[in-house]
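Good morning, and thank you for making time on the agenda.

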Amino acid sequence: MRTSVDVFAKAREHERLAQLREARERDMVPYFRVLEGPTLPVVEMEGSRRIMLGSNNYLGLTGDERVQRGALDALRRYGTGLTGSRFLNGTIDLHLELEDELAQWLGTEAAIVFTTGHQANLGALGTILGPGDTVVADSGDHASILDGCILSRAKLRAFRHNRIDRLEHALERAAADGGGILVVVDGVFSMEGDVAPLPQIAELCERFGARLMGAEAHALGVLGSRGAGTCELLGVEDRVDLRMATFSKSLASCGGVIAGPADVIEFLRIASRPFMFTASAVPAAIGAALAAVRICRSEEGRELFANVLANARYLHRGLDELGFQVVAPTSLPDGTEVVTPVVPVVVGDDWKAALLWKALYDAGVYVNVALHPAVPPAGALLRTSVMATHDQAVLDDALEAFASVKQTFEAEHGELPGRL
Ligand SMILES: Cc1ncc(COP(=O)(O)O)c(C=O)c1O
C-alpha cells in the first residue's frame, strides 16, 4: 500500500508561507541578509554602509589583531580542518589549553570544548539526563536547551519565564516523578536580555535535591568583574553545578563549552554523542577563541566589559527617550539593575516588526527581528545589541535613524507600543 502523506507537504503548505511570499515580494524579509565585510560596529551589507546593532560580537573582538593572529597561527600550524571528531583524530593542544583556561576562568574543576554552543547544550543535557529523569527548564530558555531536553527523553517540565513560584511548583511535581532532577536556565535570556534570579533558583534546587545548570551564552565575557558570567555576578558560582557557554558571542569565534566537576566532564568525553559524533571545530576557531579568552582574562577584559555595558545603557536610554518600549534591565532584590548588551524594542505584531525593521535597514541600521517561537506569540521584538567598540557618535547616528523612522512609520502604520 502506498501512503497518501507526503513528508514534503509541510514545506509547501506551512502557515507562514503566504506571509513570507509577500515579504519577499516587498523585499522586507529580515533574514539571510548578506554581509560584505567583517562584523564591526559599522558594516558593509548589501552594497551599503549600515550600523550593526544586530551582532553578538559584544566585545568587538572579531576585528582584534591578536584574535585574528590566534586564528591565523592555528590555521598555519594545523591546516584548514581537523577532519575528525575530538574523540579520535580531532584534538589538538589548543583544545587542551582552551579547556584549561576556561575551567580556570569559570572556577570549575574541568571543561570540555564542543564544536558549537548548540552541541554543548545537546551534548550535556542529552547525556547527563535519561528517560527516568526530570528536567525543569525556563520557558524562555534557548532552543538548544530545549533540543537537549528533548534528545535526553527525560520528562520535561517547563516553568513560566523567570517565575520562581512556578519553578517551585514544577520542582514539587518533579520530585514526585521519582528520578533525578536537573534545572536548566539561561543566565541572560537571548531575546529579552533579562537575567535569571540564580540565587533563588539555587536555593530551590538545594531544597529539592536538584542539580542546576546555568547557560552563560550571552553573559560570558560580559557580566561579573572577571567576566565569568551571571553566576559570578550573582555570587552563585559554587552553587551552580554545570556551566555552559558559547564562543560565538564575546569570544568572537565559534564553539561551545561545558564546565563543571572533573568526573562529569570526563563522562561527557566518552559518552556525549554530540561531542563524539561530529567533527572538531576548525583550528582557526579554537585559536581565535583562545586568544579572546586571554584578552578577557587580562586587565583589558574589565575595560571591555565596562564599555559594552556602558554602550547598552546609552542605547537603552536613547531608545526609551524616543518613546520606544524597551525591555527594562533586570532589578535585583537589592535594587541594582543588571544591564546586558541586549536591548530589545517591543513591537508586538510580526508584520509591523518586519516593516519597522525594513525602514531601519533602509535608513542604515541593521537590527535583529525576533518572532514567535523565539518570543511569545504577539511578542515580536527588534532585538538590538551593542559592542564594546561602538562609539557614542555611531550610537547617536543610530538613534537619529530610529527617531526619524518612528515618525514616518507611525504616521503610516499607527502607533508603536510606547514607554512603560
Ligand atoms: C542563549 C544561547 N544558547 C546557545 C546558543 C548556541 O550557541 P552556538 O551559536 O555556539 O551554537 C545561542 C546562540 O544563538 C544562544 O543565544
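Let me begin with a question: is arginine 207 buried or exposed? Please keep it in mind while I say that what you see is a predicted model. Arginine 207 is exposed, because its relative accessible area is 55%, and the cut-off for that class is over 50%.

Arginine 207 also has a charged partner. It forms a salt bridge with glutamate 168, and the closest N and O atoms are 2.7 Å apart. This pair links distant parts of the chain: arginine 207 belongs to helix α8, residues 198-208, while glutamate 168 belongs to helix α7, and 39 residues separate the two. Glutamate 168, for its part, is partly exposed, with a relative accessible area of 25%.

Helix α7, which covers residues 164-177, also contains aspartate 177. Here the partner is arginine 157, and the salt bridge has its closest N and O atoms 2.9 Å apart. Again the pair links distant parts of the chain, since arginine 157 lies in strand β5, residues 155-159, and aspartate 177 in helix α7, 20 residues away. The two partners fall into separate classes of accessibility: arginine 157 is buried at 17%, whereas aspartate 177 is partly exposed at 28%. To place aspartate 177 in the overall fold, its C-alpha atom is 39 Å from that of histidine 95, a residue 82 positions away along the chain.

Some of them join into a network that links Asp27, Arg33, Glu46, Lys358 and Asp362. Arginine 33 is buried, with a relative accessible area of 14%, and aspartate 27 is partly exposed at 39%.

I turn now to the ligand. How many residues surround it? The number is 15, and the closest are Gly117, His118, His218, Thr246 and Lys249. By class, the shell has eleven polar, two nonpolar and two charged residues. Helix α5, residues 117-128, and strand β8, residues 242-246, each supply at least two residues of the shell. Helix α5 gives the most, with three residues.

Several side chains bring polar atoms to the ligand's oxygen atoms. For threonine 246, an N or O atom of the side chain is 2.7 Å from a ligand oxygen. For serine 248, the corresponding distance is 3.1 Å. Histidine 142 places a polar side-chain atom 3.4 Å from a ligand oxygen. Taken alone, the ligand exposes 380 Å², and the protein buries 83% of that.

Another histidine deserves a word. Histidine 316 is in helix α13, residues 299-321, and is buried, with a relative accessible area of 17%. A polar atom of its side chain lies 3.1 Å from the backbone oxygen of valine 327.

Finally, the surface. Phe87, Leu88, Phe267 and Ile270 make a nonpolar patch of about 440 Å². One of these residues, phenylalanine 267, is found in helix α10, residues 262-271, and is partly exposed, with a relative accessible area of 38%.

That concludes my presentation, and I thank you for your attention.

Methods:
Residues are numbered from 1 along each chain as its sequence is written. This is a predicted model: local features need pLDDT of at least 70, side-chain atom pairs count only at pLDDT 80 or more; totals for chains, interfaces and linings use all residues. Side-chain values use heavy atoms; hydrogens and water are left out. Patches are made of residues with over 30% relative accessible area and no salt bridge: like charges are joined within 9 Å, nonpolar side chains (Val, Leu, Ile, Met, Phe, Trp, Tyr) within 5 Å. Accessible areas come from the Shrake-Rupley method with a 1.4 Å probe; for residues, only the protein chains shown count as cover. A salt bridge is a side-chain nitrogen of Lys or Arg within 4 Å of a carboxyl oxygen of Asp or Glu. Helices (H or I, at least four residues) and strands (E, at least two) are DSSP runs, numbered from the N terminus. Buried means under 20% relative accessible area, exposed over 50%, partly exposed in between (1.4 Å probe, protein chains only). A residue is near a molecule or strand if one of its heavy atoms lies within 4 Å of it. A polar contact is a pair of N or O atoms within 3.5 Å; within protein, one must be able to donate a hydrogen and the other to accept it, and residues adjacent in sequence count only if both atoms are side-chain atoms. Ala, Val, Leu, Ile, Met, Phe, Trp, Tyr, Cys and Pro count as nonpolar, Asp, Glu, Lys and Arg as charged, and the others, Gly among them, as polar.
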